[in-house]
Amino acid sequence: KTWHIVTELDKTRHVGYRSSLSNMIFYRFDQGNTDDLQFRFGDLLRYVSGPGADQQFWVYAGDDLCVSMDLRVLRPLDGSYSAGVHLVDLSGTSNAAGWDGGLGTADVGESVKAAPCMTVPPDTAPGHYHLELVVYNWATLERLPVIEDGAGEGLPWQDVLVLAAVDVLPK
């Protein structure tokens, strides 16, 4: 849930300090103007819009969960990259549902839009989940790093962008 708190803070405050150490990320949010956190996947794509961590979805087990998102091309896409949106539990270990699709080809500055739908299996345990977005080379399965660079120099965030919270309800 920490990521959801960070998103709420970013709505009314700006990043006054940011740093990282190994697998830990540190932010200080100061009062005043907001500085939206901005994310990119390596030097290939920027996450422009889609389900944010400040959003909450509710879905019944067995139903479809659909989202839409927009990515801006930073370096030409050559057809070798795919994106994956996965519904995972709060520990990040259980993938309850997912969608993967190719990103095709596109030139710098173009927009890549995706509107994935995934069926939440009927036997999915009710509870709290979240959506995660990954971008990877489909031939090697190597994921691109997620970089937060809204306040200047890029800060690595591993290889997964945590999106909206999802509560799976019993049917």
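In what order do the 5 strands of the open sheet with mixed pairing line up? Let's look at this predicted model, in which local features need pLDDT of at least 70, side-chain atom pairs count only at pLDDT 80 or more, and totals for chains, interfaces and linings use all residues. Residues are numbered from 1 along each chain as its sequence is written, and side-chain values use heavy atoms, with hydrogens and water left out.

**View 1. The mixed open sheet.** The order is E5-E17-E14-E9-E10. Strands here are DSSP runs (E, at least two residues), numbered from the N terminus, and two of them pair if DSSP finds at least two bridges between them. Strand E5 (56-60) and strand E10 (95-102) are the edges, each pairing on one side only. From one strand to the next, the twist averages 25 degrees (axes are lines fitted to C-alpha atoms, with angles from 0 to 180 degrees between N-to-C directions).

**View 2. Strands E14 and E17.** E14 (residues 127-137) and E17 (residues 161-169) pair in the antiparallel sense over 6 bridges. Leu 133 stands opposite Leu 161 of E17.

**View 3. Asp 167 in strand E17.** Strand E17 also holds Asp 167. This residue counts as buried because its relative accessibility is 15% (buried is under 20% relative accessible area, with a 1.4 Å probe and protein chains only). Leaving aside residues up to four places away in sequence, Asp 167 touches Gln 56, Phe 57, Trp 58, Val 59, Gly 127 and His 128 (contact means heavy atoms within 4.5 Å).

**View 4. The antiparallel open sheet.** Here 6 strands run in the order E12-E7-E4-E3-E15-E16. Its edge strands are E12 (111-114) and E16 (155-156). E15 (residues 146-148) pairs with E16 over 2 bridges, and Ile 147 stands opposite Pro 156 in E16.

Technical notes: Helix = DSSP H or I, 4+ residues; strand = E, 2+ residues; numbered from the N terminus. Buried < 20%, exposed > 50% of the residue type's maximum accessible area, 1.4 Å probe, protein only.
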